[in-house]
Amino acid sequence: ATPTAVMVATGIGANNGVLIKGGDALERAQKINYVVFDKTGTLTQGKATVTTAKVFSGKDRGEFLKLVASAEASSEHPLAKAILEYACHFHFFDEASTMKNVQNKFSGWLLGVSDFLALPGKGIQCFIDGKHVLVGNRKLMTENQVIISSDVENFVVELEESAETGILVAYDNELIGVLGVADPLKREAAVVMEGLVKMGVNPVMVTGDNWRTAQAVAKEVGIRDFRAEVMPAGKADVIRSYQKGRNVVAMVGDGINDSPALAAADVGMAIGAGTDIAIEAADYVLMRNNLEDVITAIDLSRKTFARIR
Ligand code: ADP
Ligand code: MG
């Protein structure tokens, strides 16, 4: 393709919200045969909501939610936001509430927390009233010798089989409850996966979430190939594992966790609504936050570099 053709393609991309950082990236995109998608915030809407809160101890439901919300108040994870919203709603909302007076009451009501620590890929830990509090996945619980009863395990499995994430809560080393969190797929996700397959491109999903939830989400969206329980630093290794032979691997992601993988990929595509670090690491920025633009990007490259017959 001539420099003019590249310039024209870059312009067409920009008009459609597909920002291309240079002609090399545009050229590599025509040969993409694997697209690895991050799950949370990329395939899903990234709007997690708590659907259930089940208490497994003598604790009262309100007290349980207060404890979890207090522990999560210092976390920036989307799951933490969902938990805080749920707890806030449970305690304070009535017809007369305005958002502002609810927020004021809420922050005054939270318990004091010390030694807060975020554990990427696992959850959080802190101390409340001198007691150790853990909120996160199974791995976090087993690493801290918290016993998961068969009742709890069955409940978590049930959540996971319906594509939800189970969040376990331990207080003073005892498992006291579980929250179910749902994050719906983007509307266009399934159609885009089908479109990619028709173009000869294999979609793959990668996530830090547990295996069973990942499987349910992959099935729903129509992806056969997925990697679950990948620690934040492991996503780039997943990309490398696909970069064999003549494969050209794209990565689509939105989060801080995704930036090493975006950089490792032959073509990194950041969702425009994502974090600055992800946008910086990527070759493409999909400004509209719409997965159809992955197809647009590959199409544009193929058309620009198509041989004249
Ligand atoms: P993803 O790759 O899907 O964005 P992360 O690596 O951020 O996932 O997290 C993986 C898992 O760790 C989550 O599914 C959750 O079970 C647990 N986790 C991480 N942060 C938190 C938190 N603040 N509260 C509860 N659980 C968390
Ligand atoms: Mg994400």
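**Working chat: loops, domains and a ligand shell**

Me: Is Q145 buried or exposed?

Reply: Q145 is exposed, because 8 other C-beta atoms lie within 10 Å. A residue is buried if 20 or more other C-beta atoms lie within 10 Å of its own, exposed if 12 or fewer, and partly exposed in between, with C-beta atoms placed from the backbone. This is a predicted model, in which local features need pLDDT of at least 70 and side-chain atom pairs count only at pLDDT 80 or more, while totals for chains, interfaces and linings use all residues. Residues are numbered from 1 along each chain as its sequence is written, and chains are lettered from A and ligands numbered from 1 in the order in which they are written.

Me: Where does Q145 lie?

Reply: Q145 lies in the loop between α7 (138-143) and α8 (150-161). Helices (H or I, at least four residues) and strands (E, at least two) are DSSP runs, numbered from the N terminus. Although Q145 is not a glycine, its phi is positive, at about 55°.

Me: And what is the phi of N289?

Reply: The phi of N289 is near 60°, which is positive in a residue other than glycine. N289 is found in the loop between β13 (284-286) and α14 (292-305). With 17 other C-beta atoms within 10 Å, N289 is partly exposed.

Me: What confidence does the predictor give?

Reply: The complex has an ipTM of 0.95 and a pTM of 0.89 from the predictor. The protein has a mean pLDDT of 92, and 95% of its residues reach 70 or more. Here pLDDT is the predictor's confidence in each residue, from 0 to 100.

Me: Changing topic, which domains is the protein divided into?

Reply: The protein is divided into domain 1 (3-45 + 186-305) and domain 2 (49-182), with bounds from an automatic or database domain assignment. Taken over C-alpha atoms, the centres of domain 1 and domain 2 are separated by 32 Å. The contact takes 11 residues from domain 1 and 11 residues from domain 2; two residues are in contact if their C-beta atoms, placed from the backbone, lie within 7 Å.

Me: Which helix gives the most to the side of domain 1 that touches domain 2?

Reply: Helix α10 (residues 211-221) gives the most to that side, with five residues. By class, the side of domain 1 that touches domain 2 has four nonpolar, four polar and three charged residues. Ala, Val, Leu, Ile, Met, Phe, Trp, Tyr, Cys and Pro count as nonpolar, Asp, Glu, Lys and Arg as charged, and the others, Gly among them, as polar.

Me: How many residues surround ligand 1?

Reply: Ligand 1 is surrounded by 22 residues, and the closest are T40, H77, G123, N137 and G208. A residue is near a molecule or strand if its C-beta atom, placed from the backbone, lies within 6 Å of it. The shell around ligand 1 divides into six nonpolar, 12 polar and four charged residues.

Me: Where do the residues of that shell come from?

Reply: At least two residues of the shell around ligand 1 come from each of α3 (39-43), α5 (78-92), β5 (123-128), β6 (131-136) and β7 (165-171). Domain 1 and domain 2 each supply at least three residues of the shell.

Me: Next, helix α11. Which of its residues are buried?

Reply: In helix α11 (residues 235-242), the buried residues are K235, I239 and Y242. Seen down the axis of α11, they fall within an arc of 60°, so they line one face of the helix. The arc is that of the directions from the helix axis to the C-beta atoms.

Me: What covers those buried residues of α11?

Reply: The cover includes β2 (34-38), β9 (202-206), β11 (249-253) and α12 (259-264). The face of α11 turned away from its buried side carries the exposed residues R240 and S241.

Me: What is A250 in contact with?

Reply: Leaving aside neighbours within four places in sequence, A250 is in contact with I32, Y34, V35, V36, A265, D266, V267 and M269. A250 is found in strand β11 and counts as buried, with 29 C-beta neighbours inside 10 Å.

Me: And L84, what does that residue contact?

Reply: With neighbours within four places in sequence left aside, L84 is in contact with A69, E72 and A73. L84 has its place in helix α5 and is buried, with 20 other C-beta atoms within 10 Å.
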